[in-house]
Amino acid sequence: MERFILSLDEGTTSARAIIFNRESNVLSVGQYEFPQHYPKPGWVEHNPEEIWDAQFRAIKTALERAKIEPSQIAAIGVTNQRETTIVWDRSGKPLHNAIVWQCRRTAEMVEEIKREYGDVIKEKTGLVPDAYFSASKLKWLLDNVPGLREKAERGEVLFGTVDTFLIYRLTGEHVTDYSNASRTMLFNIRRLEWDDELLEIFNIPEEVLPEVRESSEVYGYTKRELLGAEIPVSGDAGDQQAALFGQAGFEAGMVKATYGTGSFILANTGKTVRYSNNLLTTIAWGLNGKITYALEGSVFITGAAVQWLRDGIRIIKSAPETEELARKLESNEGVYFVPAFVGLGAPYWDQFARGLIIGITRGTGREHLARATLEAIAYLTRDVVEEMERLVGIKELRVDGGATANDFLMEFQADILNRRVVRPVVKETTALGAAYLAGLAVDYWESLEEIRSLWKAERVFEPTMDEETRERLYRGWKEAVKRAMGWAKVVGA
Ligand code: ADP
């Protein structure tokens, strides 16, 4: 009987389950959204029961659509929205809503801790202290949920990111993997252990922490009452790291960029921990007794700028229309758009930057704005890749995410980076990465070499732009960015 791998891709707005076959093709997908809860301005929560329901229904749907029995699943891999923080008791009952990575409730707490311990935290965890990561969220729960701290000290509370919660519900094991642990801001990424000093700074009792395991090994087996079969759960990685793995980015210098609402760019740096002031250092995965590290840069607004053209100023009807418009022009004709709607992320880190369109003349039309938007996405990616390049040699860029459907964007990206841009056949790289990790642990796939041979490019975009044009365009971009920076301060908004 043919066997398959089930990948659980638990995102910020929906949970998906995807079944892959041995050639790593998608057999079926189940997907359900779950509600977002906003108890106060700037606060974001999920109900863990709603996440579980959506995830479990997605599993059922995927199995039904593939017309296979649970016993045909050789292994399950999990990948998840990172940093989101959950506490539950030993029966699996959540003790509060999940505090989502976007939630800003602990921003002030972190500012205070950062002043004293910023350097220590960066050195130990690779992260720039921010409310984004789990540590301050967990501290908030322990300090604010009545009775939680006492319960935790009695060993009755389990903490975890969403991977850990799902694996606990599936198997009863309280575990996470290195990649997820490295986003908590409590994990020492060199010594590979929960860090005593950080636990003290955030006042976290050690009893609540999951065991940290490799990203590819059997953590446990699904409880029989769930699916009627005991299936090994054997892969776990945060979504961005899983995408790098799903792109077969196994060697130092391999980079992937995911173009969604915003963009996430990860560079494999191999066995070496590398630090940059403007990027995060993180664990990509732990596999076969070895840790692979990565540099990460996130850009807040990329695909969302295309959405703004459609829904905000309504100059296009659909996202793909940007390509047709952009191609009507030979060049950008000096028009640039810096989509700094919520400030600028890596490598600028300016929360006061605001969006700007510059270079407008009487002849400027919607084709200029469409082109400037797509170009901006490519320039923003180059900004991050250049920063990475100082620390690790980069050969090509492997891409995924919704906006990679845009061939103009991909061509321009190759030109402006002066590097090959490679788009894979299987676009579900996040889910695929978790599937690969799970499959490797149970010998469904034998080796990284086998996986490398399964990974296939759908299209390669080669750079064709001459150096003079490339650098002139990019200089224009840098000047536009300068003019966008700090704007909210200037106007006091
Ligand atoms: P997310 O996972 O963040 O929701 P997706 O990977 O689904 O994002 O990508 C959706 C984003 O990609 C949207 O912001 C949309 O504007 C953009 N997008 C989708 N198709 C295109 C296209 N053909 N050209 C440019 N942008 C696109």
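**Helix crossing, strand pairing and cores**

Mentor: Helix H9 (residues 239-246) and helix H14 (residues 429-441) have axes that come within 6 Å and cross at roughly 75 degrees. Axes are lines fitted to C-alpha atoms over the stretch in contact, with angles from 0 to 180 degrees between N-to-C directions. Helices (H or I, at least four residues) and strands (E, at least two) are DSSP runs numbered from the N terminus. The model is predicted: local features need pLDDT of at least 70, side-chain atom pairs need 80 or more, and totals for chains, interfaces and linings use all residues. Numbering starts at 1 along each chain as its sequence is written, and side-chain values use heavy atoms, without hydrogens or water.

Trainee: Why is H9 called roughly perpendicular to H14?

Mentor: Roughly perpendicular means 65 to 115 degrees. The crossing is roughly 75 degrees, so H9 qualifies.

Trainee: What makes strand E5 (residues 73-80) largely enclosed?

Mentor: Buried means under 20% relative accessible area (1.4 Å probe, protein chains only). In E5, 8 of the 8 residues are buried, so the rest of the structure largely encloses the strand.

Trainee: How do you know that E1 and E5 pair?

Mentor: Pairing takes at least two DSSP bridges. Strand E1 (residues 4-10) and E5 have 7, in the parallel sense. Isoleucine 5 has alanine 75 as its bridge partner. E5 also pairs with strand E14 (residues 232-238), parallel, over 5 bridges. There, valine 78 stands opposite aspartate 236.

Trainee: What makes a set of residues a nonpolar core?

Mentor: Its members are buried Ala, Val, Leu, Ile, Met, Phe, Trp, Tyr and Cys residues, joined through side-chain atoms within 4.5 Å. The largest such core has 54 residues; Tyr259, Val338, Met388 and Trp477 touch the most other members. Helix H12 (residues 366-389) gives the largest share, 11 residues.

Notes
Buried means under 20% relative accessible area, exposed over 50%, partly exposed in between (1.4 Å probe, protein chains only). Angles under 35 degrees count as roughly parallel, over 145 as roughly antiparallel, 65 to 115 as roughly perpendicular and the rest as oblique.
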